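This briefing is meant to be read next to the sequence and the 3D view. Please keep both open while going through the points.

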Amino acid sequence: MYLSTNVSPALLREAEKARRNRLEIVQALSHGQVSRRELIKWGLFTSGGLLAFKHGLSPFVGKAWGSDEVGLPPSPLFSAKPFEQPMERFDVLPRLPVSALNPLPTRLANTTLQPVPAALGGGYGPIEGRPPGEIWAHQGFDLPQFKPQVAYEVTQEGGKESNSYRPEVPPRLNCGIDPTEPVEPYFCPRMPIQSPLKFWTFNGTFPPKLVLGRYGEPILFRHHNRLPFDQTRNGGFGIHTITTHEHNGHHGAENDGFTGAFFFPGQFYDYHWPMVLAGFKTINTGATDPKAGSPNDSGGITRIPGDWRETMSTHWFHDHMFSFTSHNVYKGIAAMFNIYSALDRGNEAINDGVNLRLPSGTAKSWGNLDYDVNLMLADKAWDQDGQLLFDIFNFDGFLGDQMTVNLVWKPFFDVERRKYRFRILNGSVARFFKLALSDGSPMIQIANDGNLLPRPVVLGELDELGIAERYDIVIDFSRYRNGTKVHLVNLAEHDNGRRVAKDLTLAEALSGESGDPCVGRFLEFRVVRDPPQTDVSQVPLTLIPNPDLSKIPVARERVFEFGRGAKKTTNNPVSSFFGPWGIGTDDGDKLAADFGRVSAAPRFGTREIWTLVNGGGGWDHPVHIHFEEGQVLARDGSAANVPPWEKGRKDVYRLRPGGSITITMQFRDWGGMFMEHCHNTVHEDNAMLLRWEIDDSGSPFLRPLPTPIPTPQGVTFQSPTDVLPTAL
Amino acid sequence: MKNMHRPWIAGLLSFSTALVVGMLGWGSGHARDVRPRATVPAGPVPVNAAPVVGSVVAATVSGAVSSSGGPAEAVVFSGQASISGKVIHDPDFGTPPVIEIIVDLSKVSGVGLRSRKAYLVSTQAVLHRPLLAFDSVEVSFPFVAEGEDMLRARSGLASFGIQFSAAGGITASRVIITDNRPH
């Protein structure tokens, strides 16, 4: 997709001109000056989803001087060299007492009125964007076990200098970075500072943010939208309305970041994360099982109800704005969330027969990050001025040409000669990764998505990592001598955003011959010293076995087919969207997204089996189902096809080209409206997303649920635009 | 130069009303015709909506990983690899088919040349590559002495060829084990 840096200046100028022309369309779309429907009518977006092959617009039109293709101009590097810049570790958000929030959080949405700026229509609107009324009230909020005990308060705003970096590790474990020094919003010190209109991060700062939470300690996450009131002040892409999905929290739907429950600049939204083990209403209700617990501040365990086999570890949270998720996540609305438990304590020394003692540290009773490192991988691109660039010239999926880790371009990271845990998140828009160490050394995969596996899996190269998937791995650097440099290498070569074109061998990836600039080495581990203390961490042979669902009857089976050729059968201007991608449910037509449509409504307290089918061989889809973890029963119809690293619980299911995957899930504890969608966020935005809901657990829920329609002046409700015949 | 750049979108907005309104549809054309329809299954049912052709072949494994110094002894490997190949076509875009290769080395074992210890291999790898008449494939795999901590796993390289023909389907050559030294 990207031109080589060696092509002629004339070709680069032509490519840049075509890109600018396309960006004007993207900008007009994001400013609301033109709709996608109009672009289709005008023949710019074709029925195949591609931007029309017009000279001066498409990057792939033959040139007058005989070149076959133009391609995209490569992102300039401003003389930066790979592996010269340290990788900053995540910035840990401070824990606050709930009493520090003003106003105090409320069970029902806070509808206190405030003036609405003229840019948003004027008049008055509520200070909180959460839909009002009982259906969107925080479930269980007034019960003592769910009452928020800790608060996080964040803003969403344009990129700016940070003067409050909190890595929560000493500088020696963070490449010597002095956290008192300001952190500028750039990918690399040699590259330009990003405009506040280009980067919209949590608190407006770099590095990406990290929440440390623990089971049994409910969280109130207050999110202020401080993006520009003027929709056109977006740097050419992105939209200033947001909704935050805690991926994949087992929370009530009012806290799930439903795509249609977005809020406006000037408003906040209180998300209540009750931090429960799934099954708390029916399993271990007396909280007697020591494995079902929360780490307390003295190194012990506070027991909690629920199924300990549902313990989760590595989450992330990100924007889920309807039809603009790809833009907004790419602009920086993405963070990670480590969840600590009796089993996964974040302290490698506590030996109580429950703690798994995974690599972490020992200084704190829980949540040590010394040897437990979050890595957010994301491909990016920037323009000739070094400013972040997004290009939706087709609906296959956007690919950047530069690799970043924790928003740093091709960094290095100092390590000691001992075991480290890395929580790896694919935070890209459409790119899959396949990871290996440059010397081919084994890695131990201990978790897939949020969940520790039943057993660790030793691998020479990891499986493809789809967008939003997380793999936790352990690398033992004691095998290396001090002074060694070993790299994390990407083997997955793309030539478009539809799927991986080729999984390269390690030798191929290291050869430098791939046309995909994101293939090859992208993170350098520098083995710098022996650890000051003995490494007492472990990788036990048994981690977290799966919950046994065999005795729970299967209430229903459903089939969802993900493919092209979606129909648009509803026309609500807010809830429906049009695009080439869609989802067919239970042998029905493939439908374009409409968050007003109910596609499935499993009964509260039941288990179902869902088969997710890839409707084509030319693409892959990492499909995310919100709310509760699933277990993979089969691939292509056979349990024997499920690889060892997918034998735990998951929340993102890669279909593989032409493949299918069969999973089982329970629908319990909480209710409301959730989503299922492709996490190639360009596919999701155009319009491979559906709504499902748990709506039969009694008052205040209705069957089906009314759809929220947010405006700056308040949220209204409408009846569903459609309820599929097999939904209920 | 800057003034000469006429915004595309401004031009489009000005003449848009003169354009004929087309049919709104993202039809994928022939793809629907060739795919079996998904149905609600009575149980976990294999459903492949895209045309696929698959087969599993067994391949003999042989070769050795040399000593890397210190206590790491040379290990000789033998056994059977299971190599599954699935050809996936793309009628929607008409792009060349790909092959999904699943390599399972769990029935391969090694013997330490010095200690005579048994070494276990339990890896799988899933690869997607363009379908070629012949392709050389390499997979890094870990191995560890029986009873030893997995943290002491070393890695070797399994190399083999995949052949495909319309008449003969998928075949795989013998799997050769060698040192994994990509640097």
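The model is predicted. Over all chains it holds 55 salt bridges, while a search of the whole structure finds 0 disulfides.

**Salt bridges in chain A**

- Side chains of opposite charge can pair when their charged atoms come close.
- One such pair is A:Asp516 and A:Arg431, whose side chains meet in a salt bridge with an N to O distance of 2.7 Å. This pair links distant parts of the chain, 85 residues apart. A:Asp516 sits in the loop between α4 (506–510) and β26 (520–529) of chain A, and A:Arg431 sits in the loop between β18 (419–426) and β19 (435–437) of chain A.
- Are A:Asp516 and A:Arg431 buried or exposed? Both residues are buried.
- A:Arg654 forms a salt bridge with A:Asp463, and their closest N and O atoms are 3.1 Å apart.
- A:Arg654 counts as buried because its relative accessibility is 1%, and the cut-off for buried is under 20%. A:Asp463 has a relative accessibility of 2%, so A:Asp463 counts as buried as well.

- In chain B, the side chains of B:Lys86 and B:Glu100 meet in a salt bridge at 3.9 Å, N to O. B:Lys86 lies in strand β2 (residues 75–88) of chain B and B:Glu100 in strand β3 (residues 98–104) of chain B, so the pair ties together parts that are 14 residues apart in sequence.
- B:Lys86 and B:Glu100 are both buried.
- Which residues are joined into one network by salt bridges that share partners? They are A:Asp449, A:Asp463, A:Glu469, A:Arg470, A:Arg635, A:Glu646, A:Lys650, A:Asp651 and A:Arg654.

- A disulfide is a covalent bond between the sulfur atoms of two cysteines. The search of the whole structure finds 0 of them over all chains.
- A:Cys518 is in no disulfide, and the nearest cysteine sulfur, that of A:Cys188, is 15 Å away. A:Cys518 is buried, with a relative accessible area of 1%.
- A:Cys678 is in no disulfide either, and the nearest cysteine sulfur, that of A:Cys518, is 19 Å away. The relative accessible area of A:Cys678 is 0%, so A:Cys678 is buried.

**A buried aspartate in chain A**

- A:Asp472 lies in strand β22 of chain A. With a relative accessible area of 0%, A:Asp472 is buried.
- The side chain of A:Asp472 makes a polar contact of 2.9 Å with that of A:Thr314, and a polar contact of 2.8 Å with that of A:Arg421.
- Not counting residues up to four places away in sequence, A:Asp472 touches several residues, among them A:Phe422, A:Ile444 and A:Ala447.

**A sheet in chain A**

- An open sheet of 6 strands in chain A has the order β35-β32-β37-β38-β30-β41, with mixed pairing. The edge strands are β35 and β41 (722–723), each of which pairs on one side only.
- Within chain A, strand β32 (residues 622–625) and strand β37 (residues 672–678) pair in the antiparallel sense over 3 bridges. A:Ile625 stands opposite A:Glu676 in β37(A).

**Chain B as a whole**

- How many helices and strands does chain B have? The secondary structure of chain B comes to 2 helices and 10 strands, in the sequence pattern α-α-β-β-β-β-β-β-β-β-β-β.
- Chain B has 183 residues, of which 44% count as buried. Chain B exposes about 9100 Å², and carbon and sulfur atoms supply 61% of that.
- Among contacts in chain B between residues at least 6 apart in sequence, 54% join residues at least 24 apart.
- One case is B:Ala145, in strand β7 (residues 134–145) of chain B. B:Ala145 and B:Ala118 are 27 residues apart in sequence and 5.8 Å apart in space, C-alpha to C-alpha.
- Leaving aside neighbours within four places in sequence, B:Ala145 is in contact with B:Lys117, B:Ala118 and B:Tyr119. B:Ala145 counts as buried, at 1% relative accessibility.

Definitions and conventions: Residues are numbered from 1 along each chain as its sequence is written. Chains are lettered from A and ligands numbered from 1 in the order in which they are written. This is a predicted model: local features need pLDDT of at least 70, side-chain atom pairs count only at pLDDT 80 or more; totals for chains, interfaces and linings use all residues. Side-chain values use heavy atoms; hydrogens and water are left out. A salt bridge is a side-chain nitrogen of Lys or Arg within 4 Å of a carboxyl oxygen of Asp or Glu. Helices (H or I, at least four residues) and strands (E, at least two) are DSSP runs, numbered from the N terminus. Buried means under 20% relative accessible area, exposed over 50%, partly exposed in between (1.4 Å probe, protein chains only). Contact means heavy atoms within 4.5 Å. Accessible areas come from the Shrake-Rupley method with a 1.4 Å probe; for residues, only the protein chains shown count as cover. A disulfide is a pair of cysteine sulfur atoms within 2.5 Å. A polar contact is a pair of N or O atoms within 3.5 Å; within protein, one must be able to donate a hydrogen and the other to accept it, and residues adjacent in sequence count only if both atoms are side-chain atoms. Two strands pair if DSSP finds at least two bridges between them.
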